[in-house]
Amino acid sequence: MSIEREQILNRVSQARVTMVVGASDTGKTTLIKSLAFEINKFGHTCGIVDADMGQSDIGPPTTIGLGEFYDPSKNVNHFEVKGIYFVGSITPKGYLLPTVVGTKIMVDKALKLGFDHVLIDTTGLIQGSLGRTLKEHKIELVNPDLIIILQRENECEYLIKRFKAISNHHIIVMKPSEEVRNKSPAERREYRERSLQAYFFNSKLKKLNLKGFYLLDIPLFSGNPLSEKEKNYLSQKIDQELLWAESQGEEIHLVALDSIKNLVEKPPKNDIGRRLLFAYTPSEFEDILVGLYNRAGECYSLGIVRKIDFATQQVEIEVAEDKEEPVGIKFSRCRINQNGSVYFLPRRNLIKGWL
C-alpha cells in the first residue's frame, strides 16, 4: 500500500462513518473494497452502504444495500447482505428524496448493528443542480465523520469549499487511480440485467390479495370503489367495459382493457360537475418491479407483478426471497419481462383528461 493509501487508511480507522464521493468511473467502489479489506485485517468489523442503485454490489439494482464485509478466503468481494432499501430506480433523478432517506436509514441500521466502521459508496451524479442538491443534502443528513472525494479536475469544488468550512467535517481529496476504466452505458445495462436475473433465479410465484396490504406508489386502490351504476355510466361514456373504477376526491381512476380515445385535455367551460379522470390499461401493472415489506417496515425482498385480477384484487407476484410474509407492497416504474429483459420506464403511460 502506498504512503498516500496508508495515510487515508489511518484517517478512516479513526472515523466511524466514511462517505466516498466522486463522479462515475473514479474508482469509488474499488477504494471502498480496498479500505474494507485493510480494516478487516485489523480485526475490526466493517459495514458497507452501497447507495449506487444502478450498479449495486450489495443487494439488487434499484436498492440501497447494507452489507457486512468479511474475508474468509482473502477475496475482497465478500459481503453478507444485512438490509436493503427499495428506491425503485437505477438513478437518483426523480428519486432524490428516497435516495437520501434510504442512505440515512441504511447507515443508521449499520450503526445499530454495531459495526466498528461504516463505509458509504455513492452514485456518480455530482454535477449540475441535481447533483449538487443530492450530494449536499446526503452529506448534511448522514453527517459522516470523514468524506473522501475523488476528483479529476474541479468537479467537486463546491463540496470541498462548503464542508471544509464546517469544523465537524474532515475531508480528504485525492486523484482517481489511472487504472480506473470507464464503463460504457451498454456495460452498465448488461451488469444490471445480469444482477437482477441472478437475484430472481430461484424466485417463487405467490398469489396475494391486495386488500390485505398497504400499498405505496400505485395510483389505484386508495379511494372509494364506484358503484355498479356509476361504472355502467362511465362504460357507456367511454364505450368499453371497465375492469376497475374508484373515486379519489375530485379525481376518478379507472382501468379499461384498451386505451380511451374520447377524453378531452381541458374541462368544458361552465361544466363544474365534471371530474378529472385518469385511465390505465392492465398491461401498465404487469411485469412491474415491487418491494415487499415486513412488519418491521423493512423491505426484505423484491418481487415482479405478473398479473392483477382487478375484479378480485388478486395479484400474482414472482418473489425473489420468499422468507417472510409481506404486509406492504411498494410499486416502481421498473419493468422486467418474462424473458428477463429489463426496462426502466420514465413515467406511467397514463391517459389523463375529462369526460
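A search of the whole structure, a predicted model, finds six aromatic pairs, a pair being two rings of Phe, Tyr or Trp (its six-membered ring) with centres within 6.5 Å; planes under 30 degrees apart count as stacked, over 60 as edge-to-face and the rest as tilted. The rings of Phe69 and Phe79 have planes at 70° and centres 6.0 Å apart, so this pair is edge-to-face. Phe69 belongs to strand 3 (residues 63–69) and Phe79 to strand 4, so the pair ties together parts 10 residues apart in sequence; helices (H or I, at least four residues) and strands (E, at least two) are DSSP runs numbered from the N terminus. Phe69 is buried, with a relative accessible area of 2%, and Phe79 is buried at 18%, where buried means under 20%, exposed over 50% and partly exposed in between (1.4 Å probe, protein chains only).

The rings of Phe221 and Phe310 are stacked, because their planes lie at 25°, with centres 6.3 Å apart. This pair links distant parts of the chain, 89 residues apart. Both Phe221 and Phe310 are buried. Ring pairs join Phe221 and Phe310 with Trp244, Tyr280 and Phe285 in a cluster.

Phe86, in strand 4 (residues 79–86), is buried, with a relative accessible area of 0%. Its contacts (heavy atoms within 4.5 Å), not counting residues up to four places away in sequence, include Thr62, Leu289, Cys299 and Lys330.

Residues are numbered from 1 along each chain as its sequence is written, and side-chain values use heavy atoms, leaving out hydrogens and water. Local features need pLDDT of at least 70 and side-chain atom pairs count only at pLDDT 80 or more, whereas totals for chains, interfaces and linings use all residues.
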